[in-house]
Amino acid sequence: MNAPQKTPALDFPAFAKGLYIGGDWRAAKSGKTINVTDPSSEAVLAAVADAGLEDAAAAVDAAAAAARGWRQTPPRQRSEILRRCFELMIARADMLARLISHENGKALRDARGEVAYAAEFFRWNAEEAVRISGEYGLAPSGANRIIVDYQPMGIAVLITPWNFPAAMATRKIAPALAAGCTVILKPATETPLTAYALADLFAEAGVPPGVVNVLTTSTPGPVTNAMLADPRVRKLSFTGSTGVGRALLSEAGKNVISCSMELGGNAPFVVFDDADLELALDGVMVAKMRNAGEACTAANRIYVQSGIHDAFAEGLAKRMAALKVGEGVDEATECGPMITRKAVEKIDRLVSDAVGRGAKITCGGKKGEGTGFFYPPTVITDVPDDSEMVREEIFGPVAPLYRFETEEEAIERANDTEYGLAAYVFTRDIGRGLRVAGGIEAGMIALNRGLVSDPAAPFGGVKQSGLGREGGQHHGIAEYMEAKYIAASI
Ligand code: NAD
């Protein structure tokens with residue numbers, strides 16, 4: 001009988017070869033580096049290059065040099081290259097999942113889910129790359145033809161957060177490449193190794209040098225502003241907090257750069273009396289606990305109608321208390337650590353504030369001591385509406401419950417936020433479900449389910465949760481294309 005295969009240890013420094021510019025790996029001009037830490041063990045995994053302004057200029061030069069060749073590459077060829085990126089990601093799925101789990105801390109099962117989701121953006125956009133078509137029609141006056149051609153915008157700067165290090169990158173790179181744009185990816189400083197592991201597979205997949213460039217920096221503000229000030233850059237796609245998004249929008253305004261913004265969320269999760277209780281509990285565990293609550297779509301305010309409230313609260317506390325907390329890479333872990341100690345302190349502050357105002361903790365509620373940035377799965381009931389966690393993203397494994405009486409009240413309270421990303425509704429009454437889905441101000445509604453994300457569907461927010469959409473049949477690619485209208489007399 002064969003002995004069980006031992007999983008090889010990851011060589012983290014091997015992913016930190018330097019900045020990826022023009023198909024080459026190079027050190028930052030300053031020679032400086034940034035340490036990458038494992039949030040489970042607090043061990044330093046590797047040190048990545050710390051790009052400055054000269055490196056950013058070199059990345060824009062490389063993207064510009066590759067732009068013409070890439071936009072002239074036939075769609076079928078672009079499609080096949082994207083398809084190879086998908087295949088290589090799947091072939092390396094186990095390694096990528098373990099890498100994500102180490103540098104982000106998320107449970108391996110969540111990391112595996114992320115890799116599958118991230119890879120799907122390459123497959124989906126490979127299929128879409130050959131379906132970009134224009135329009136042809138007769139002007140109403142009959143004087144001329146109206147021809148509309150869709151063209152790549154040009155060089156795109158892509159900025160991503162740490163909570164989905166692979167998926168947030170591929171959700172931008174894949175449609176940009178399908179559209180014919182060249183890109184510079186600036187991943188989050190906390191999770192750069194995954195981005196560099198992706199960069200490693202691009203050349204192998206046949207992505208020409210300079211089409212994708214990756215740089216990490218400890219000074220994202222000046223480095224990004226310098227790239228946005230370069231007139232060759234025509235697109236900014238950002239995923240991150242609303243605060244940074246606002247600052248980038250005003251910076252991009254100086255050169256009138258097209259912006260796609262995937263920003264923060266404050267998702268309401270609404271459970272009506274007639275909901276299937278077990279289904280709603282299954283749903284809230286996904287909506288709240290995927291990535292240990294570190295998701296922009298995470299259920300942040302759980303509104304439960306009074307008739308089902310107590311049974312729901314009891315069921316949720318039971319499920320949350322049973323979750324196994326541990327190191328991300330441990331196969332048994334269901335809830336890994338938070339990204340940083342600062343994140344744990346923020347969660348602790350929000351919980352203390354709610355408790356100080358009269359909320360009751362029914363499970364968890366006490367931050368971890370010792371090594372790693374841990375916070376336990378927590379359920380809080382009777383949270384007053386003036387608590388800070390009603391307005392702020394918790395971004396952690398804390399489920400606050402609020403009681404409501406009527407449908408109108410549920411919609412009104414769900415909408416009482418500056419955000420509008422995702423929302424969840426549980427009811428057996430399909431008419432009510434669709435009515436409430438129509439009334440809630442959010443870009444995405446999950447009806448009787450805890451997950452909305454799908455590369456085949458348009459992902460994005462309204463209000464201060466963002467501008468534009470990623471994924472979907474045409475939405476994702478359209479963000480990287482300009483419509484060119486030709487008035488033709490024939
Ligand atoms: P963040 O805004 O702090 O950072 C996001 C990225 O922006 C990082 O790469 C960071 O280095 C960079 N950055 C920071 N300051 C910058 C500046 N001045 N100029 C240019 N770039 C700058 O967000 P985060 O803490 O990494 O991620 C969590 C946030 O992201 C949450 O608010 C979450 O809701 C949001 N998010 C949204 C989506 C979505 O699709 N809407 C998805 C995931 C995360």
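User: Is A292 buried or exposed, and at what relative accessibility?

Analyst: This is a predicted model, in which local features need pLDDT of at least 70 and side-chain atom pairs count only at pLDDT 80 or more, while totals for chains, interfaces and linings use all residues. Residues are numbered from 1 along each chain as its sequence is written, and side-chain values use heavy atoms, with hydrogens and water left out. Buried means under 20% relative accessible area, exposed over 50%, and partly exposed in between (1.4 Å probe, protein chains only). A292 has 4% relative accessibility and therefore counts as buried.

User: What is the phi of A292, and where does A292 lie?

Analyst: Most residues other than glycine have a negative phi. Phi of A292, however, is positive, near 55°. A292 lies in the loop between α9 and β13; helices (H or I, at least four residues) and strands (E, at least two) are DSSP runs numbered from the N terminus. D382, also not a glycine, has a positive phi of about 50°. D382 lies in the loop between β15 (378-381) and α12 (388-391) and is partly exposed, with a relative accessible area of 36%.

User: In what order do the seven strands of the open sheet run?

Analyst: Strands of a sheet pair through backbone hydrogen bonds, either parallel or antiparallel. Here two strands pair if DSSP finds at least two bridges between them. The order is β14-β15-β16-β13-β12-β17-β18, with mixed pairing. β14 (360-363) and β18 (444-447) are the edge strands; each has a single partner strand, so one side of each lacks a neighbour in the sheet. From one strand to the next, the twist averages 25°. β17 (residues 422-426) pairs with β18 in the parallel sense over four bridges, and A423 has I445 in β18 as its bridge partner.

User: Which strands does helix α9 touch?

Analyst: Contact means heavy atoms within 4.5 Å. Helix α9 (residues 277-289) packs on the sheet and touches β12 (267-271), β13 (299-305), β16 (398-404) and β17. The direction of α9 makes about 170° with that of β12; axes are lines fitted to C-alpha atoms, for helices over the stretch in contact, and angles run from 0 to 180 degrees between N-to-C directions.

User: How many cavities of 30 Å³ or more are there?

Analyst: Rolling a probe the size of a water molecule over the atoms shows where empty space is left. On a 1 Å grid over the protein atoms alone, a cavity is a set of points where a 1.4 Å probe fits but cannot get out, and lining residues have an atom within 4 Å of a point. Grid points are joined across faces, edges and corners, and a volume is the space filled by probe spheres set on the points. The count is five. The largest cavity, of about 70 Å³, is lined by 15 residues, with P268, T417, Y419, G420 and E441 nearest its centre.

Notes:
1 Å grid on protein atoms, 1.4 Å probe; cavity = no way out; pocket = protein on both sides within 12 Å on 5 of 7 lines; lining within 4 Å.
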